Amino acid sequence: MASWISKKTRLKIYKRDELVCCYCGAQCEICDTRNCLNPAIAATLDHIVAQKTLAASATDDKHFSALRRDPKNLVVVCMSCNSSKQHIELYTWCAQTKRDYATIIAKISQRISKGV
């Protein structure tokens, strides 16, 4: 697991999102992608607002660190969707992949309102 976010917070987000990819609806699995039976559905966290945008708006490194760890900007997505989206802003990625941006934003809003 990545060290940029605590394991406790990561697991809380997994629980909040019920390990379902916010973008495609796949049921994700908690596993190490190197020895996962199906790496495409490995659970990952995606920044709704891309990290490069967060960095541009941060006042300093400490502020950026807090922004990138904020559960309100993180959702569970499968490795397949996360690899496809990479560092692209969500709206742009949805347009490129012909996904329904409004539906995804509604899902994100529902998840975020649950809190962690």
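Which residues form a nonpolar patch on the surface? In this predicted model, the patch is made of Y91, Y101 and I105, which together have about 290 Å² of accessible area.

## The surface patch

The members of the patch can be taken in turn. Y91 counts as exposed because its relative accessibility is 54%, and the cut-off for that class is over 50%. Y101, at 32% relative accessibility, counts as partly exposed, and I105 is likewise partly exposed, with a relative accessible area of 30%. I105 lies in helix α6, which covers residues 101-114.

## Aromatic pairs

A pair of aromatic rings is described by the distance of the centres and the angle of the planes. The count of aromatic pairs comes to 2. In one of them, the rings of Y23 and W93 have centres 5.1 Å apart and planes at 45°, so this pair is tilted. The pair links distant parts of the chain, since Y23 sits in the loop between α1 (7-16) and β1 (43-47) while W93 belongs to helix α5 (residues 90-97), 70 residues apart. Y23 counts as buried at 4% relative accessibility, and W93 counts as buried at 1%, where buried means under 20% relative accessible area.

The rings of Y91 and Y101 have their centres 5.0 Å apart with their planes at 85°, so this pair is edge-to-face. Here too the pair links distant parts of the chain, with Y91 in helix α5 and Y101 in helix α6, 10 residues apart. Y91 and Y101 are also members of the nonpolar surface patch described above, Y91 being exposed and Y101 partly exposed.

## The two sides of helix α1

An α-helix has 3.6 residues a turn, so residues three or four places apart point the same way. In α1 the buried residues are R10, I13, Y14 and R16. Seen down the axis of α1, these buried residues fall within an arc of 165°, so they line one face of the helix. On the other side of α1, the residues K7, K8 and K15 are exposed.

Key: Residues are numbered from 1 along each chain as its sequence is written. This is a predicted model: local features need pLDDT of at least 70, side-chain atom pairs count only at pLDDT 80 or more; totals for chains, interfaces and linings use all residues. Side-chain values use heavy atoms; hydrogens and water are left out. Patches are made of residues with over 30% relative accessible area and no salt bridge: like charges are joined within 9 Å, nonpolar side chains (Val, Leu, Ile, Met, Phe, Trp, Tyr) within 5 Å. Accessible areas come from the Shrake-Rupley method with a 1.4 Å probe; for residues, only the protein chains shown count as cover. A salt bridge is a side-chain nitrogen of Lys or Arg within 4 Å of a carboxyl oxygen of Asp or Glu. Helices (H or I, at least four residues) and strands (E, at least two) are DSSP runs, numbered from the N terminus. Buried means under 20% relative accessible area, exposed over 50%, partly exposed in between (1.4 Å probe, protein chains only). Rings of Phe, Tyr and Trp (its six-membered ring) pair if their centres lie within 6.5 Å; planes under 30 degrees apart count as stacked, over 60 as edge-to-face and the rest as tilted. The arc is that of the directions from the helix axis to the C-beta atoms.
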